[in-house]
Structures are given as structure tokens and as C-alpha cells.
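Hi there,

Here is the structure I said I would pass on. Have a look at it first, and then read on for what turned up in it.

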Amino acid sequence: MNVNGKAYRSIWLNKNGWSVDIIDQTLLPHEFTIRTLENLQDAAEAISVMRVRGAPLIGATAAYGLALALREDAGDGNLRQAAEVLLVTRPTAVNLRWALQRMQRALEVLPPAERLQKAYAMAADICDEDVDINHAIGQHGLDVVRELWMKKPPGTDSLHILTHCNAGWLATVDWGTALSVIYQAHDEGIPVHVWVDETRPRNQGAALTAWELASHGIAHDVIVDNTGGHLMQHGLVDMCITGTDRTARNGDVCNKIGTYLKALAAHDNNVPFYVALPGPTIDWHMDDGVNGIPIEQRDAHEVTHMAGRNARGLVESVQITPDGVSACNYAFDVTPARLVTGLVTERGVCEASEAGLMSLFPERKGLSI
Ligand code: MRU
């Protein structure tokens with residue numbers, strides 16, 4: 001997508017042909033800074049401190065991280081150890097495991113001398129595929145948005161869409177998942193207006209989604225996380241759409257903490273609640289999302305402190321709780337399939353259920369959990 005008129009992806013190979021460039025998302029929206037990853041440790045650090053984040057981008061960064069590790073040693077031991085280092089950087093987004101397994105399976109059968117070139121080629125393929133997948137998600141989601149828009153009474157000025165966290169191009173390699181739908185609806189001329197949940201504690205909505213939407217010229221308002229229910233009760237939300245970090249085989253979706261509460265409010269108010277996801281976000285081995293998906297718990301400091309720009313234009317962090325307070329920081333929650341109106345994938349839209357997913361991914365039928 002464009003930043004100040006220049007097209008960017010969220011990750012790309014540096015022009016030196018071996019290091020990897022990312023946009024440091026911890027500095028947005030106040031600073032647009034490109035950071036270069038030169039080795040395995042750089043890649044692992046970028047994922048765990050969330051310079052890169054969002055399930056598909058975490059997977060893509062891990063793929064390049066493995067390639068960077070093989071520059072130093074392409075032997076079996078290092079391949080295995082590097083994958084282990086990357087796998088534990090963030091536990092919830094299954095795209096991380098998916099990307100590492102795909103790389104490892106293809107690389108371990110090759111002689112070490114052939115691995116490096118193959119690893120870079122595979123990481124590039126994972127990135128390119130992600131871009132195509134997310135564009136297709138946007139196309140399928142556009143059908144849903146168009147239908148909702150057609151049902152609005154003549155004279156309606158906007159279709160109001162609520163989203164949580166950041167499921168935009170910054171969370172993927174390009175386009176985004178939930179925001180791909182919104183971008184493509186806007187580009188088709190549907191007058192969308194987005195309610196952007198701020199998404200405490202990391203504020204991905206306030207910082208990243210609002211920045212993305214502004215760059216694309218899409219009308220939006222940032223709201224505090226508890227506003228959605230009120231808006232839905234008063235007919236001010238036509239549709240919710242979010243991304244997901246891991247979708248279980250039964251259609252349960254794990255996403256940023258607070259997504260479940262939005263889905264409950266949507267259900268209570270008959271607001272359609274869609275979840276957009278690429279195939280690699282489906283965990284075919286997980287048959288019960290609510291009870292099985294590992295939920296990342298992050299540092300309490302993210303809850304007790306907030307970062308922002310002060311009146312002098314400097315970014316600083318301030319403490320918002322009493323000294324020494326104890327805080328809990330669950331980063332994700334799981335929305336049960338029964339609260340999800342539909343899953344928007346690169347292959348089309350389906351019911352949030354095993355049958356729904358199997359109708360789009362029939363090659364998974366009969367494979368054991
Ligand atoms: O903790 P984050 O910022 O990595 O969480 C990101 C999300 O929850 C997104 O909604 C999810 O990864 C899907 S984005 C395509």
C-alpha cells in the first residue's frame with residue numbers, strides 16, 4: 001500500500017540481496033522508520049517485541065529469519081535450533097508454526113549447500129502468496145459489503161463497519177485481511193465509515209489502523225474499546241469485521257483481546273460479525289478453539305504504562321496505574337463459532353464450522369486432527 005505516494009510492503013528483501021527490511025511498527029504512527037534485520041536474533045527480536053506483528057507478517061518474518069540463520073550455518077543442527085528460537089517468539093498466531101514447518105520440511109531434505117538459496121526463495125514465495133491471498137479475501141468480502149450496502153435505504157450516507165486491532169496491510173505482507181475488504185469496498189465507491197477500536201493495551205487500532213485508513217482516505221473514528229456495544233444498540237454499526245490469529249477446525253476464532261466482547265454485542269444486536277482470514281491461519285489440528293488455543297500473556301508493563309506523543313512532539317511512556325500495582329495482560333481471546341456470521345477466506349465466504357471450512361478446503365477432509 002502507499003505511504004506518502006510510495007508503494008510499500010510490510011517486509012521486503014534489502015537491495016543488498018540478503019538482509020531483510022521491515023517497517024518498525026512500534027514507532028508508528030509518530031515515526032515511519034525502516035529497520036534492517038541481519039540475523040536470526042534480529043528477526044526473533046522483531047517478532048517478540050512487535051516491531052512486526054499480525055499473524056501473516058509474523059509467519060513471513062519467521063521465514064526470512066530462518067533464511068538469515070542459514071547464512072551462518074546451513075547444517076541440520078542450526079536449521080532445527082533456529083526454527084525452535086523463532087517458534088517461541090509468539091505462541092498464538094499459528095502462521096508462525098505454519099511458515100516454519102513449510103520451510104523446514106522443504107529444507108531438511110536438501111543437502112546443506114543448497115539450503116540457503118532455497119530458503120530465500122521460499123520466504124519470497126510466502127510473501128508473494130500472502131499478497132495474492134489477501135487481495136482475494138478482499139474480493140470475497142466485497143460481495144458481503146456490497147450486499148449490505150444495497151440493503152440500506154436510499155439516501156443513507158455511509159456503511160458503518162467496526163473493526164478491532166489492526167488487520168490491515170501492516171499485519172500482513174500487503175492488503176491486510178479485514179482491511180483488505182474495507183479497502184476494496186472503498187475503491188469500488190461504497191462510502192464506508194470505520195469505527196476503529198483503540199485496542200488496549202498496545203493500541204493497534206488507534207496507532208496502526210487509524211494511520212492506514214487515513215493514508216487510504218477512508219473515513220473513520222477511533223473509539224475506546226468499550227464503545228462498540230453502545231453503537232450497536234443504537235443502530236450505528238452495519239457490520240463488524242476482524243482478523244484472526246488462529247482459527248480452529250470447528251470455526252472458533254482467536255483474535256486480539258476484546259474481540260469476543262464485540263462478537264457478543266453484535267450477536268445481541270443482530271449485527272453481522274465476519275472474520276477475515278487466509279488459509280494458513282486455520283489450525284487444522286485444533287478441534288476446539290476456546291479450550292485449545294494457547295493465549296499469549298505479555299508483560300504487565302504494557303497495561304500499567306502508555307506511550308504517546310507529548311505536547312513538545314516527543315514520544316514518551318507514562319505510568320497510568322498506582323506504583324507497584326499487579327496487572328494481567330492476556331493478549332488474545334477466542335470467539336466461539338456460534339457468534340461468527342461468516343469466515344471470509346481467499347476461497348470464498350463460509351459458515352464458521354468444520355463443515356463450512358471443509359466446503360472451501362476439501363483437501364483437508366479425512367486428514368486426522
Ligand atoms: O498482537 P498483534 O498485534 O500481533 O495481534 C494482531 C491481531 O490480533 C490481528 O487481528 C490478527 O493477527 C489478524 S491480522 C491479519
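Helices (H or I, at least four residues) and strands (E, at least two) are DSSP runs, numbered from the N terminus. Threonine 247 is buried, with a relative accessible area of 0%; buried means under 20% relative accessible area, exposed over 50%, and partly exposed in between, using a 1.4 Å probe and protein chains only. Setting aside neighbours within four places in sequence, threonine 247 is in contact with Asp252, Val253, Leu277, Thr281, Ile282, Asp283, Leu343 and Leu357, where contact means heavy atoms within 4.5 Å. Threonine 247 and aspartate 288 are 41 residues apart in sequence, and their C-alpha atoms are 9.5 Å apart in space.

Before you go further, some ground rules. This is a predicted model, so local features need pLDDT of at least 70 and side-chain atom pairs count only at pLDDT 80 or more, while totals for chains, interfaces and linings use all residues. Residues are numbered from 1 along each chain as its sequence is written, and side-chain values use heavy atoms, with hydrogens and water left out.

Now the whole chain. It has twelve helices and 18 strands, and 56% of its 369 residues count as buried. The C-alpha trace spans about 65 × 60 × 45 Å along its principal axes. A compact globule with 369 residues would have a radius of gyration near 21 Å, and the chain's 20 Å agrees with that; the radius is taken over C-alpha atoms, and the globule rule is 2.2 Å times the number of residues to the power 0.38. Among contacts between residues at least 6 apart in sequence, 74% join residues at least 24 apart.

Next, helix H6. Eight of its ten residues are buried, so H6 is mostly covered. What covers those buried residues includes helix H5 (112–150), strand E6 (159–163), strand E7 (192–197) and H7. The axes of H6 (residues 178–187) and H7 (residues 204–215) come within 11 Å and cross at roughly 20°. Axes here are lines fitted to C-alpha atoms, for helices over the stretch in contact, and angles run from 0 to 180 degrees between N-to-C directions. H6 and H7 are therefore roughly parallel to each other (angles under 35 degrees count as roughly parallel, over 145 as roughly antiparallel, 65 to 115 as roughly perpendicular and the rest as oblique). On the H6 side Leu179, Ile182 and Tyr183 meet Thr209, Glu212 and Leu213 of H7. Just after H6, glycine 189 takes a positive phi of about 100°.

Leu40, Ala43, Ala44 and Ile47 of H1 make the contact with Ala82, Val85 and Leu86 of H3.

Finally, some backbone details. The peptide bond from leucine 28 to proline 29 is cis, with omega near 5°, and proline 29 lies in the loop between strand E4 (20–23) and strand E5 (34–37). Another cis bond, from arginine 200 to proline 201, also has omega near 5°. In the loop between E6 and H6 you will find cysteine 165, with a positive phi near 65°. Tryptophan 175 has its place in the loop between E6 and H6 too, and its phi is near 75°.

Cheers
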